[in-house]
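Here is a set of questions and answers on one protein structure. Please have the sequence and the model to hand.

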Amino acid sequence: MEDTNLYEFTDLETLDTLYAWANEAIEQEENPVRSLTFIAEENPKQIFANDTPTGFSVEIEEREEFLQIDLTRRINGSGEDYTEEGYKFLSGTVYVFSHPETEAYTVFAVSDREFFNQAVRRYIQGLPPTVSTSFLSTGELRQLLNKLSDGINGNFYVTKGVTKSPGGDTEVKYFDNSRYFDLFNIEEVSEQNYYVDKIEFELRQSRHEFRGQLSRKGASRYVSGNQSIYFKKILPNLATLLSAKGDLFNDKAREYGSREAETIEIIYEEGAIKGREENVRLINALEGLKRSSITVYHKNPYMHASVLDYEDGTNADVFLTSDRRVSIVPGFNASRKSLSRICDRINQGFLEGDVSEGEDRSKDPEEYFVAG
């Protein structure tokens, strides 16, 4: 991937000049702006400098209002793109800026899919637990588009939607001249059998059009149109929602010497969880969590399992004790990053619900039966 040198890099100091550069870059290249909005508990510059994941190298240049990072990842493998020694490099320039009044930051590159997914996204995911991604439910993704529709002059239309089921099925739907809410109103989504994973959309105005994409994991694209719509409207609103979602998982670790912990709960419509076979389905969903192990204590009549996240040592207990509630009780070592991963996995692999802060609870399942 090569940088588009439309502005001399020495001229890129403010966010406005960076946004203008990005606009001109996508007009002259085949690649869009690809972004990932993430959460950091402190300015990530020192983390970038001191905690580089294995296989990556970075060169950081601090500009007036953002960071410019030359990012390289070495990937081992075989094939025509690899050297005789069995490796290849993915390299490019990325930019990181903050969103005021939130703990959210956005990293972006004008790049192809491989560099973004295998280098940029993997780099952020490989950083210490103080840096984490978050996720939006179908309802929160629609809430975001509702807010954008209300705040931007023009009409939002969906051109493509990707929906997924807890069973792992994926459906790609194409739309012709349909408003964005039509995606959320299709039967399988409205009945919560599928959740919305990605939406490609167009904003049509009297003088301008904007094309882009949003995903539930905080990734987005700017394909064409007015850069202010993307950088000053879409990304700040996305950052606000992701930051608020991330707050639900922050400072939830149990204090040493105490049996009590602040729980996280995923709430469903009454009766949504039907039958004791759902206990097994939730266990299967948790077993799909990468780089972790699960210990099952009870399958019947209630479900109680413990999750250990190998990434940072987080442990948490998961209970299913009613027809509308899954409760997560964080352990002594519980990071925001890992708790978000656990809840996201339940939403994807079991059933999508509303994540909220619960009451202070112990690990005694009888408490959950009384409250459920």
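Q: Leaving aside its neighbours within four places in sequence, which residues is H99 in contact with?
A: In this predicted model, H99 is placed in the loop between β4 and β5. Neighbours within four places in sequence are set aside here. The contacts of H99 are then A104, Y105, T106, L235, P236 and A239.

Q: Is H99 buried or exposed, and at what relative accessibility?
A: Buried means under 20% relative accessible area. H99 falls under that cut-off, so it counts as buried, with a relative accessibility of 7%.

Q: What distance separates the C-alpha atoms of H99 and D182?
A: H99 and D182 are 83 residues apart along the chain. Between their C-alpha atoms the separation is 30 Å.

Q: Which class, buried or exposed, does E101 fall in?
A: E101 belongs to the loop between β4 and β5. It is not a glycine, yet its phi is positive, about 65°. The cut-off for exposed is over 50%. E101 has 86% relative accessibility and therefore counts as exposed.

Q: Where is N177, which has a positive phi although it is not a glycine?
A: The phi of N177 is about 60°. Its relative accessible area is 53%, so N177 is exposed. As for its place in the chain, N177 is in strand β8 (residues 170–179).

Q: How are the rings of Y19 and F97 arranged, stacked or edge-to-face?
A: A search of the whole structure gives 23 aromatic pairs. In the pair of Y19 and F97, the ring centres are 5.9 Å apart and the planes stand at 70°. Planes over 60 degrees apart count as edge-to-face. The pair of Y19 and F97 is therefore edge-to-face.

Q: How many residues apart are Y19 and F97, and which parts of the chain do they link?
A: Y19 is in helix α1 (residues 15–28), and F97 is in strand β4 (residues 87–98). Both residues are buried. The pair links distant parts of the chain, with Y19 and F97 lying 78 residues apart.

Q: At what distance from the ring centre does R204 lie over the face of Y157?
A: The ring of Y157 has the charged end of R179 over it, 5.6 Å from the centre. R204 also lies over the face of Y157. For R204, the distance from the ring centre is 4.0 Å.

Q: What is the omega of the cis peptide bond that joins N300 and P301?
A: P301 is in the loop between β13 (292–298) and β14 (303–309). The bond joining N300 and P301 is cis. Its omega is about 10°.

Q: Leaving aside its neighbours within four places in sequence, which residues is S306 in contact with?
A: S306 is placed in strand β14. With 17% relative accessibility, S306 is under the cut-off and so counts as buried. Apart from neighbours within four places in sequence, the contacts of S306 are S293, I294, T295, Y297, A316 and D317.

Q: At what angle do helix α4 and helix α7 pack?
A: Two packed helices are described by the angle between their axes and the distance between the axes. For helix α4 (residues 138–151) and helix α7 (residues 227–247), the axes are 10 Å apart. Their crossing is right-handed. The packing angle of α4 and α7 is about 145°.

Q: How do the residues of the contact of α4 with α7 divide into nonpolar, polar and charged?
A: Helix α4 contributes E140, Q143, L144, K147, L148 and G151, and helix α7 contributes K233, I234, N237, L238, L241 and K245. Gly is counted among the polar residues. The residues of this contact divide into five nonpolar, three polar and four charged.

Q: How far apart are L145 and L238, C-alpha to C-alpha?
A: L145 lies in helix α4 and is buried, with a relative accessible area of 0%. Among the residues in contact with L145 are Y180 and F184. L145 and L238 are 93 residues apart in sequence, and in space they are 9.5 Å apart.

Q: What is the C-alpha separation of S224 and E24?
A: S224 is in strand β11 (residues 219–224) and is partly exposed, with a relative accessible area of 25%. Leaving aside neighbours within four places in sequence, S224 is in contact with I26, E209, F210 and R211. S224 and E24 are 200 residues apart along the chain, and their C-alpha atoms are separated by 9.7 Å.

Key: Residues numbered from 1 in each chain as written. Predicted model: local features only at pLDDT ≥ 70, side-chain atom pairs only at ≥ 80, totals over all residues. Heavy atoms only, no water. Phe/Tyr/Trp six-rings, centres within 6.5 Å; stacked < 30°, edge-to-face > 60°. Helix = DSSP H or I, 4+ residues; strand = E, 2+ residues; numbered from the N terminus. Buried < 20%, exposed > 50% of the residue type's maximum accessible area, 1.4 Å probe, protein only. Lys NZ or Arg CZ within 6 Å of the ring centre and 35° of its normal. Axes fitted to C-alpha atoms, helices over the stretch in contact; angles between N-to-C directions. Left-handed = near helix turned anticlockwise from the far one by under 90°. Contact = heavy atoms within 4.5 Å.
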